[in-house]
Every structure is written in structure tokens, then in C-alpha cells.
Amino acid sequence: MRSISSQFSIVNSQFERQQPPQAICAVASHGAIGIIRVSGSDAISIADRIFTPMQGGALSERMAYTITYGKICASNGDIIDEVLVSLFRAPHSYTGEDSVEISCHGSSYILRKVMQLLIENGCRQAGPGEFTMRAFTNGKMDLTQAEAVADLIASSTEAAHKTAINQMRGGFSKELAILRDKLLHLTSLLELELDFSDHEELEFADRTELKAITTQIENLVSKLVNSFAIGNVIKNGVPVIIIGDTNAGKSTLLNALLNEDRAIVSDIHGTTRDAIEETMYLNGITYRFIDTAGIRSTTDKIENLGIERTFQKLDQAKIVLWVIDATDKSKDIAATANLILPHCTDKKLILVYNKMDLLHADVQSSMPSLPALPASTQAIYISAKNSEHIDELKALISSDIDYSALASNEVIVTNIRHYEALSKALDAIHRIQQGLSDMTPTDLISLDLHECIDYLSEIIGGNIKSTDVLENIFKHFCIGK
């Protein structure tokens, strides 16, 4: 049986802390004003070597949370720029280390020269996410909060921003940490029982309390696991494919949805030969609309390649807009259906009857006949050319999204790593509950408890067993964060 203390070690060779850790620097912002961040035990002294205040003494003599106006000069005395330097002292900084932020003009030359001076005086260029990595290793945030920083930077919608902010506040990880610690306490008591296994009457761990805690964890973890469906949508968007026969009006529909001339529209068959993708935001969610090559039999090699890509995109889509020319009653829809429907399992299928502006009043009798369709299939009648019923189509596209979690500020899981660990923790909890009901031997219950603790710890960063996990998390950050 593993000792309790051995479960919560963090292995991280790539970012192993030196004594003292070398100061790092990076350009954190580049616009009209550029910001260069410096962090490490020598950050302030290094900044002092290149920075001359206009008034007062050196940065090392100043109080934290002050901003000093001065100039940065090259080794020959030439002024590079007049700057503002913000000062932060450990442990009350983003990284938990002494830090400075240099605000200068955003010229690429100025930023490059300031970085060169910092490196010459003892800094090194920071790697992607290394500032946040140091914040994590110095206990300024847990791993879920660190990952939320990257999500916040990448957020492009209100929903993505709101979700990242909620995770950065740490409520999600704090709840998991509290429940994990309760399990850890009970696990230690169970192991104590094993040490006195020759006294079967001894029972240190209260089984009633253990059942209550497992119920608490099951309720929380189940809720978080179920939230991933909306979380994945918030983070990655919803791929929506526009598919159908040539000249059904697919490109016209894309233009109508976007309210701009994005795709070429022509009455010549086979105009669209490659997938065209554009994004739209509906109710704070990103939808990725993909216009595809029309489906038909052709000897054109390039067009056939486009049709192959159509079916590749169809497999990746979550929502299928099958555009049907409502004016062509003679069209063999069954042949197209035989190609499309096998790819629509577990997808939302919407039949979009287009060109309604060209039909007479008796719409239904003019429609081409259809084969049997999935029961969940929905239909709408539009005129893409005149943008009629486009708003109704947008509402239909977004109708299956559950926005209640967003409205109530609940924590939503958007990270696949969290989802997988939570799912495995939930499986372990179910085994523990079953074991308690079946009077399973203590050593087997203890094994499942260890497994559950490990998975909960993985999420918040208390039990990272592989350097690959940390490296993979932080390599996706931008440099300077």
C-alpha cells in the first residue's frame, strides 16, 4: 500500500527550480505601448542595471506596487527609451517572485533592444507559459486556475470569457480539494485498520461518514462531468455543415447567414470545390459554418476531391443543414439521402427547403419526395436569396443548447483533461459505494479510494505523475504569460 504522503508529489524536470531561480523575461504586450515582464530573485537588481529613474533612488530601494518613470540606456549610454517600471515584490506578485514590468513604446526595435539588455545582464528568454508555470509551482494558483488563464486569453465569446473567469476564481478546484482531503483523512483511517487487521473488531473509519462523503463527491463530480457537453461547445464552437446537391443554394445560404458575400454564387454546377468555413456568434456561442462542394456524379477530378472533403467535414460536424432545392420536384432526393444519412448518426439534422420565393401557394405539393428520415429531423422553409426565415433558421440551429448553466454562473468543465480525470474519479466513487454496500474488504475499498484521490488531485495539480502532462499544458500558452 502506498504511503499517503507519497501521493502528492509534483514531478517537473523541465521547470525544476534552481536555487535561486534564474530571472526570466519576455514581451507580454506589443502595440502602441509594449510591456516586458521580468520575474525571478534577481529581477529587480537586473532592472536596476539598465534603468535610470528620473528622480529618487534605485528600484531596489523602492516599495512594492510603485511605478517609476525613467529611462533605459544602452551600455554606451545611448537612450533607448523613456519608460515606466512597475515593481512587485515576492510573494505578492503574479509569479510569487520579485517582478518588474517595463512599459515602453511599442516599437519592435525598442522591445528587441530592451530584451537584449535584460538577457545580457542575467535574464533568459521565458518559455511559453513559464510565468504562469512559476505561479503554479510557487503556490499562487492551482492547475485548473493556471489552465483558465490560457482559456481567458483565448476566449473570443462572452460565454468562453465567463467560463474562464469562473474557473480562475478557483471555486471549482477548492470544492474538489476539500472533498479530496476528506477522502484522504478517511483513507488514512482505513489503512490504520489494515495495520490492526488481527483485531477485526476495530473500526477507525466511520462507514456512515464515508458513505456521506462519497455521495457528496458523486453529486459534484456528476454535475461537472455532465457540464462538459456545454463546456466543449463553449470552448471549441459548434461545427455546422451546409450540404446538399449542386445549385441547391448552399453558398447563398452561407452568405445569408453571415449577411455578407463570403462565397461565390453561380448557377453553374460545381462552383464550390473546397470547403469554406466562417464563424458566427449566436447567444454567446461560436458556430463554425462550413459550406461544401455540392454532391453530384462528375468526372472532374478537382470537383471529386472537393466532394470527398464534403464527407470528411460531414463526419466532423455536429449540426447538418441539408439544403434542398424545393423547386426541383423531379430531383432524386433518395440518392442524395443514401449518401448523407449514414453520416448523420448522433447529429442534429435540419432539412432546409430553399428557393421558397419561386414556389406557388401550394408549397407541400411542390416539394420533392423524401425517404424515411430520423425521428429527430427538423425542417424549415426559406429563401436564402431574399434572406427570408434566416432568423428562424438561426434559432433552430441554436435551440438545443442549454444556456441555464451560463445564466446561473455555475462552474462548467471545458477542459478535456479535467473531463477524463473526473470521469475516472466518478467510476472509482461508484466502485467505493458498491463496495460499501456489499461489505467489500477494507483493502479493496482503500485501493479505490486511492484511485479517486489520485484523479481528483490530477485536476488541481496535487499529483502530476508525468512531466509530459505539465509540459503539454503550458506549451500552449503564449510567451509572456
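User: In this predicted model, what does "exposed" require, and why does Tyr-65 count as exposed?
Analyst: Exposed means over 50% relative accessible area, buried means under 20%, and partly exposed lies in between. Tyr-65 has 56% relative accessibility, so Tyr-65 counts as exposed.

User: Why is Phe-88 called partly exposed?
Analyst: Partly exposed is the class between the buried and exposed cut-offs. Phe-88 comes to 24% relative accessibility, so it is partly exposed.

User: What makes the pair of Tyr-65 and Phe-88 edge-to-face?
Analyst: Two cut-offs decide this: ring centres within 6.5 Å make a pair, and planes over 60 degrees apart make it edge-to-face. The centres of Tyr-65 and Phe-88 are 6.1 Å apart and the planes stand at 80°, so the pair is edge-to-face.

User: Where do Tyr-65 and Phe-88 lie in the chain?
Analyst: Tyr-65 is in the loop between strand 3 (51–53) and strand 4 (66–73). Phe-88 belongs to strand 5 (residues 79–88). They are 23 residues apart, and the pair links distant parts of the chain.

User: Why is the pair of Tyr-353 and Tyr-381 called stacked?
Analyst: Stacked needs planes under 30 degrees apart. For Tyr-353 and Tyr-381 the planes are at 25° and the ring centres 5.2 Å apart, so the pair is stacked. Tyr-353 lies in strand 12 (residues 348–354) and Tyr-381 in strand 13, so the pair ties together parts 28 residues apart in sequence.

User: What makes strand 9 and strand 13 edge strands?
Analyst: The open sheet holds 6 strands in the order 9-10-8-11-12-13, with mixed pairing. Strand 9 (276–282) and strand 13 (378–381) each pair on one side only.

User: How do you know that strand 8 and strand 10 pair?
Analyst: Pairing takes at least two bridges between the strands. Strand 8 (residues 238–244) and strand 10 (residues 285–291) are joined by 5 bridges and run parallel.

User: What places Arg-37 over the face of Phe-131?
Analyst: The distance cut-off is 6 Å from the ring centre, and the charge must also be within 35 degrees of the ring normal. Arg-37 is at 4.9 Å from the ring centre of Phe-131 and lies over its face. Lys-481 lies over the face of Tyr-94, at 4.5 Å from the ring centre.

Terms used: Residues numbered from 1 in each chain as written. Predicted model: local features only at pLDDT ≥ 70, side-chain atom pairs only at ≥ 80, totals over all residues. Heavy atoms only, no water. Helix = DSSP H or I, 4+ residues; strand = E, 2+ residues; numbered from the N terminus. Phe/Tyr/Trp six-rings, centres within 6.5 Å; stacked < 30°, edge-to-face > 60°. Buried < 20%, exposed > 50% of the residue type's maximum accessible area, 1.4 Å probe, protein only.
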